[in-house]
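Me: Can you help me read this structure? I'd like to start with the aromatic rings and then move on to the strands.
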Amino acid sequence: MVLKRLFKLSRPSGRPEASLPAGRRVYAIGDVHGRLDLLDDLLAQIAQDDARRGSCETDIIMLGDLIDRGPESAGVVERLRLLASHGRRIRFLMGNHEEIFLKALGGDVQALRLLIKVGGKETALSYGITAEEYLACDFDELLILLQRKVPQSHVDFLSGFEDCIVLGDCIFVHAGLRPNLPIDEQRTSDLRWIRKEFIDSDADFGGLVIHGHNVTDEIDRRNNRIGIDTGAYASGRLTALGLEGSEQWSLVADEQAARLSA
């Protein structure tokens, strides 16, 4: 199976416990990576699930990496920007891909080189740069094109993303936390980039950490963390974790399941 070659498999574990404040409900959505189709499906599922569960103060938390790799990064950014501007309770964490993208748009050619290595070609094309223009450009020329094509509204929107959100016993971050450091001493670079030191740690982080960034086939549950990046751009599966009180549940937009039911 292709996914087993691409992704580290999640290891079985018990259900970690944590609580949100009374009267709060949260849906955390993993790394979208340009899959607007899956995002729209998942947002519709969330709306139905939220209505079925009854009145509550509900937030959606996007865990970062909205862009790159998938085909519709510009569409994902615009869809979420409009949702937020129209009053939807939705909060956004800065992923490492947003960090690189913003640095590149700020004129950093080395950041653009890295962006292209990690799926930025698809992002450039989604903003209206043609395949012919892309192939004809060197990095300096591509940077000028990208700066022309990306709306300032998208730059402003992405620049306002948060690094960490704490609600009750739950800590929401893109990548993770460095073990044995309090929240207020965590480095931004770790919140957006850390992998092995966090993933392999059984440390008590002062709450249940809910994160993306590290791809697994299924939700990755540990006693101290829950990872929900199910590799949407390659697997066709975008996952949300729902939380209310101490209850947890999941919703998945699955392109294969949708195709079979069509």
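Me: Are Tyr 27 and Trp 249 buried or exposed?
Reply: In this model, which is predicted, both Tyr 27 and Trp 249 are buried.

Me: And how are the planes of Tyr 27 and Trp 249 arranged?
Reply: They form an edge-to-face aromatic pair, with 5.9 Å from centre to centre and 85 degrees between the planes. Tyr 27 belongs to strand S1 (residues 24-29) and Trp 249 to strand S10 (residues 247-254), so the pair ties together parts that lie 222 residues apart in sequence.

Me: Which charged end sits over the ring of Trp 249?
Reply: That is the charged end of Arg 53, which sits 3.5 Å from the centre of the Trp 249 ring.

Me: How many aromatic pairs does a search of the whole structure find?
Reply: The search finds six. One of the aromatic pairs is formed by Phe 198 and Phe 205, and this pair is tilted, at 5.3 Å centre to centre with 55 degrees between the planes. Both Phe 198 and Phe 205 are buried, and the charged end of Arg 225 sits over the ring of Phe 198, 5.7 Å from its centre.

Me: Now the strands. In what order do the five strands of the open sheet come?
Reply: The order is S4-S5-S6-S8-S7, with mixed pairing. Strand S4 (165-167) and strand S7 (220-221) stand at the edges with a single partner strand each, so one side of each has no neighbour in the sheet.

Me: In which sense do S5 and S6 pair?
Reply: Strand S5 (residues 170-172) and strand S6 (residues 208-211) pair in the parallel sense over three bridges, and Ile 171 stands opposite Val 209 in S6.

Technical notes. Residues are numbered from 1 along each chain as its sequence is written. This is a predicted model: local features need pLDDT of at least 70, side-chain atom pairs count only at pLDDT 80 or more; totals for chains, interfaces and linings use all residues. Side-chain values use heavy atoms; hydrogens and water are left out. Rings of Phe, Tyr and Trp (its six-membered ring) pair if their centres lie within 6.5 Å; planes under 30 degrees apart count as stacked, over 60 as edge-to-face and the rest as tilted. Helices (H or I, at least four residues) and strands (E, at least two) are DSSP runs, numbered from the N terminus. Buried means under 20% relative accessible area, exposed over 50%, partly exposed in between (1.4 Å probe, protein chains only). A charge sits over a ring if NZ of Lys or CZ of Arg is within 6 Å of the ring centre and within 35 degrees of the ring normal. Two strands pair if DSSP finds at least two bridges between them.
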